[in-house]
Amino acid sequence: MSEIVRDVSPESLARANEDNLAQGLADCARAYGGEVREEPDLLWCSLAIPAAGWNRVPRAQLASETVDERIEWVIEQARALHVPFVWDIGPSMRPMDLGEHLLRHGLTDAGEEPAMGIALADLPDTLPVPDGVTVERVRDRATQEQWVRVSCEGFGMSASLIEAEIIAMAHDDLGDSAAAHYYLARLHGEPVATAALTPAAGVAGIFAVATIEAARGRGIGTVVTMAPLLDARARGYCVGVLQASEMGYPVYARMGFTEQFRYHAYLWRP
């Protein structure tokens, strides 16, 4: 386990976001039986499934004289696997004109994604839970399959991707040493929302927050996001980080998350 980050300054939250995204993604890819190439200037992670979010470059410090060669190397990895991928550019990425190079190599501008963080000490001890809502930590494969189906429905993913994610995620164990911890919210017993935690790079990283359309607007997303953060705080973590969608941004802001910077995402499709 990485040393816990205790500095909650804006600069520390920004570094923690990039570090957690890179290490958390690599940890999950390894645990799910995927491919991780961690080199001094580049980190490439892939699950070899056709969902761009699971095939990514979350870290790159490339020399100006090798940047085009390294971009082509990543494209070749993705082409061999027949998968799309995302290249995330955060403040530590180099060279400074990396985005222009990616566009020249055929990637498309996929827009920006806010990087947000919070000092876990600022969270309340409890949160009012809407009537009929429960949140549980996933501890068995049947519940994990429910989690995948709800998450994918919330994100509008296809049935083929659902089955691929179920198979991949079944490689990881569901204990405290797992690469990710999964949380499932139910409304009157029916699974309706998800969140996940990656305890990586010394901070609590939140991802896969999703609510099915029929259950939105009831505060369930807030509750299912809060559960892993409070569990992480109880385990000694001091910082929580995430990358926000447009829909999730106001929810996280109300919880106390602040924006540190914005990732710029570039997408490649085979």
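This is a predicted model: local features need pLDDT of at least 70, side-chain atom pairs count only at pLDDT 80 or more; totals for chains, interfaces and linings use all residues.

Colleague: Let's start with phenylalanine 257: what is it in contact with, leaving aside neighbours within four places in sequence?
Modeller: Phenylalanine 257 is in contact with Met116, Gly117, Ile118, Leu229, Gly240, Val241, Leu242 and Tyr252. Contact here means heavy atoms within 4.5 Å.

Colleague: Which residues touch the most other members of the largest nonpolar core?
Modeller: Tyr32, Trp54, Trp147, Tyr182, Ile220, Tyr252 and Phe257, out of 62 residues in that core. A nonpolar core is a set of buried Ala, Val, Leu, Ile, Met, Phe, Trp, Tyr and Cys residues joined through side-chain atoms within 4.5 Å. Buried means under 20% relative accessible area, exposed over 50%, and partly exposed in between, using a 1.4 Å probe and protein chains only. Apart from that core lies another, of 21 residues, including Trp44, Trp73, Val83 and Met93.

Colleague: On to rings. How many aromatic pairs are there in the whole structure?
Modeller: The search finds seven. Rings of Phe, Tyr and Trp (its six-membered ring) pair if their centres lie within 6.5 Å; planes under 30 degrees apart are stacked, over 60 edge-to-face, and the rest tilted. Tyrosine 32 and tryptophan 54 are an edge-to-face pair, 5.6 Å centre to centre with 70° between the planes.

Colleague: Where do those two sit?
Modeller: Tyrosine 32 is in the loop between helix H1 (10-31) and strand S1 (35-39), and tryptophan 54 in the loop between strand S2 (42-46) and strand S3 (55-60), so the pair ties together parts 22 residues apart in sequence. Helices (H or I, at least four residues) and strands (E, at least two) are DSSP runs numbered from the N terminus.

Colleague: Are tyrosine 32 and tryptophan 54 buried or exposed?
Modeller: Both are buried. Together with Phe207 they form one aromatic cluster.

Colleague: Switching topic: where is histidine 82?
Modeller: Histidine 82 is in the loop between helix H2 (67-81) and strand S4 (85-89). Its relative accessibility is 62%, so histidine 82 counts as exposed.

Colleague: And arginine 186, buried or exposed?
Modeller: Arginine 186 has 14% relative accessibility, so it counts as buried. Its place is in strand S7 (residues 181-187).

Key. Residues are numbered from 1 along each chain as its sequence is written. Side-chain values use heavy atoms; hydrogens and water are left out.
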